[in-house]
Amino acid sequence: MALKFNEPTKAVLRRQIAEHIAETEKTPKTNLREANYEPLPADRFFDREISWLKFNQRVLELAEDETLPALERSNFSAIFASNLDEFFMVRVAGLKRRINTGLAVTAPSGLRPRQQLRAISEQAHKLQETHARYTIDTILPELAKEGIVLLQWSQLTPEEQERLSKFYRHRIFAVLTPLAVDPAHPFPYISGKSLNLAILVENPVSGKTHFARVKIPDNMPRLIPVDDFDSDAPAEGEDGQTQRYGFITMENLILSHLESLFPGMIIKEARAFRLTRNEDIDVEEDDAEDLLNAMERELLRRRFGPPIRLELDQETSPFLSELLTAQLGITADEVYRLPAPLDLTALFELHDVDRPDLKYPPFRPTTNINLLETEGGQSQDIFSCIREGDILLHHPYDSFSTSVQAFLTQAAADPNVLAIKQTLYRTSGNSPIIDALVEAAHAGKQVLALVEIKARFDEEANIAWARKLERAGVHVVYGIVGLKTHCKLSLVVRQETNGLRKYCHVGTGNYNPKTARMYTDLGLLTCNNIVGQDLSRLFNQLSGYAPKTDFRRLLVAPRNIRRGLIERIQREEDAAKAGREAWIKIKVNSLVDEKCIDALYRASRAGVKIDIVERGICALKPGVPGLSENIRVRSILGRFLEHSRIFAFANSAGPKIGEGPETGPEVWIGSADMMHRNLDRRVEALVRIDDKQQIENLLSYIDLQTDDSVISWHMQSDGTYVKHSKDAEGKPLRDSQSVMIKQYAHKIRSNRKSEIG
């Protein structure tokens, strides 16, 4: 049933939003000291968007890394292309929208909106040209040496051409729709990210030239196999020749059969083109009576967002280029002329080729040492394991399926479990998490699922999950109006001998079994009573009305994560000034928030040693004399996507901020990056780690990733990143992710040996 908001209820919701905003804008008392600080330089921030482009450049450097297996390099090339698509669809589109509506303001970096757009365009053109040239001139030829070949129609044998022509006639021809443009047929709508053919045909009778468009089907594989692949065949045949895996692109196959679409016409020119549109979504929740329906309407509008980038085959004639740009309303700066093939995300399909010798060595996650099977081979009772003490999970090294997934699956099946409360930001298709919640609801348990239907590019999937859960009897809510719910939380309430006990999971990553194998994330399984009370309060806040909730082992945005982090940064600053041990170690995806950066600058000036590991965006300038000479920034990219967030402080004089360890390192993990959207416009949660061994493990992890003996990119004070992959003697450095794989495998082996002993 749709939830209808009457006017009094809307007024309450508006007041709640205003309270949240007012709360986030309050200046903490500890910031009153800012009046006594020396002013910080006006040019102390790097531009956020340019910093993101530098991140994607690092992804491209992985594709260029000749020490990596060939198919992994090809995969990184596809990741680069996919990343850039999303950057244009969201960040560039948003900037253009703000400029066009007059809402754009000067960025913290000092760049005015149009300056920022020009700088993005200049760097994006260079990057995309470099990416296309390197992929086509280097990566594809190297794959060809290994028998993985992207072929042109003219390179096929007559037998191969005949076989593919038959495939075209039977499987493709009927799907294609040639659209002509003439006085009776307006220029067709071009959907975002679709690959198309722009075709000029001549009528041999009238001699007139006409334009037509053919869309390449996006519901079929882009790469069509030329060869019959035998999965059981060895990489090398009996004659010692490497088995060939030949492919032809869908557009190449269609181009070779255009006469079937335009019989009797003369094909004058046919070129590929691709359009990127604004695909960000903006729902005015305060005015939406039914958020689900409002989101569905907005998803339909997404298809018709304004165009922001046109990719053209570089061989396209000036006439055809001008026709497309005029019809699509694209400016010259928004045109990217590139060598064919366009849209190199197609290279993702090559990763399915059965050539393990051209990929990373196989990796199999291990079961967390605290959750190992019993001697009889029976799976552990996960609740009894948690009662033994907090369990720190580190994915993908710790298996997601035997930890978080098992936690929820056991909870759904356990007759003593009375309630399950769960946040869902992104999850996978055929999600076992969703199945567990449905099973629990069918079993009569109280189940609450907080589904974030505004998770970018997962909106449609999340709407489907929400409806499936509702049909099963799950209480589905969408969080607090005006805020995205991004925190990663599970709460299980279980009836036990001594009463109700709350089992909790607080994580840094989504409840997605697929990405849990590819992302590095952390999670805490605990039945600590304080954490249980905190999660109960937070879920009540998310599903009901409780804006003034206080927490003891959680920091929660938008109320107090920024304030809590700045207070701890300033505590380290005070410790340094007093001559005590003072350091800060931070691992995040992105560091953009100006207030947090300024606090780090002032701590650095006071002598606090600061290490930052970031994957994506960093607006902080490290190593600037008099400002940040005590700050080092490292970036780690590799086999797994670094996604965990850790905030660690020396805490040499005790917390003086709420509860926590009297002295000694204070460490937090959670879902929040140091970005405005995380700290102001999302519900996020950080949990304090209290187990001393777990604290030591997390600190060792950050120390590993910031050590000069491992491969990383070192950020310079001018914003450039220098890759360190070899030592002074030219020997390869260690890969931190490979080190972690070995460490976790060693833990399991050592544990088994001790059990045998």
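**A walk through the model**

Modeller: Let's start with one residue. Glutamate 642 touches Thr520, Lys587, Asn589, Arg615, Ile636, Tyr701, Gln705 and Gln737, leaving out residues up to four places away in sequence. Contact here means heavy atoms within 4.5 Å.

Biologist: What should I know about the model and its numbering?

Modeller: This is a predicted model: local features need pLDDT of at least 70, side-chain atom pairs count only at pLDDT 80 or more, and totals for chains, interfaces and linings use all residues. Residues are numbered from 1 along each chain as its sequence is written, and side-chain values use heavy atoms, with hydrogens and water left out.

Biologist: Back to glutamate 642. Is it buried or exposed?

Modeller: Glutamate 642 counts as buried, at 2% relative accessibility. Buried means under 20% relative accessible area, exposed over 50%, and partly exposed in between, with a 1.4 Å probe and protein chains only. Glutamate 642 sits in strand β22 (residues 641–642).

Biologist: Which side chain does glutamate 642 join in a polar contact?

Modeller: That of threonine 520, at 2.9 Å. A polar contact is a pair of N or O atoms within 3.5 Å; within protein, one must be able to donate a hydrogen and the other to accept it, and residues adjacent in sequence count only if both atoms are side-chain atoms.

Biologist: Now the overall picture. How many helices and strands?

Modeller: The protein has 18 helices and 27 strands. These are DSSP runs numbered from the N terminus: helices are H or I, at least four residues, and strands are E, at least two. Of the 757 residues, 55% are buried.

Biologist: Tell me about α15. How much of it is covered?

Modeller: Eleven of the 13 residues in α15 are buried. The cover includes α14 (561–577), β19 (583–588), β20 (609–614), β21 (631–635) and α16 (676–680).

Biologist: What about the two ends of α15?

Modeller: At the start, a side-chain oxygen of aspartate 593 comes within 3.4 Å of the backbone nitrogen of lysine 595. After α15 comes glycine 607, with a positive phi near 105 degrees.

Biologist: What does the start of α17 look like?

Modeller: There, a side-chain oxygen of aspartate 691 reaches to within 3.0 Å of the backbone nitrogen of glutamine 693. Among the buried residues of α17 are Tyr701 and Gln705. Both also touch glutamate 642.

Biologist: Switching to helix packing. How do α2 and α4 sit?

Modeller: Helix α2 (residues 48–63) packs on helix α4 (residues 113–145) at about 5 degrees, with axes 10 Å apart. They are therefore roughly parallel. The cut-off for that is an angle under 35 degrees. By class, their contact has ten nonpolar, five polar and one charged residues.

Biologist: Where are the cis peptide bonds you'd point out?

Modeller: One runs from alanine 340 to proline 341, with omega near 5 degrees. Proline 341 is in the loop between β9 (335–338) and α9 (382–387). Another runs from alanine 557 to proline 558, with omega near 10 degrees. Most peptide bonds are trans.

Key
Axes fitted to C-alpha atoms, helices over the stretch in contact; angles between N-to-C directions. Parallel < 35°, antiparallel > 145°, perpendicular 65-115°, else oblique. Nonpolar A, V, L, I, M, F, W, Y, C, P; charged D, E, K, R; others polar.
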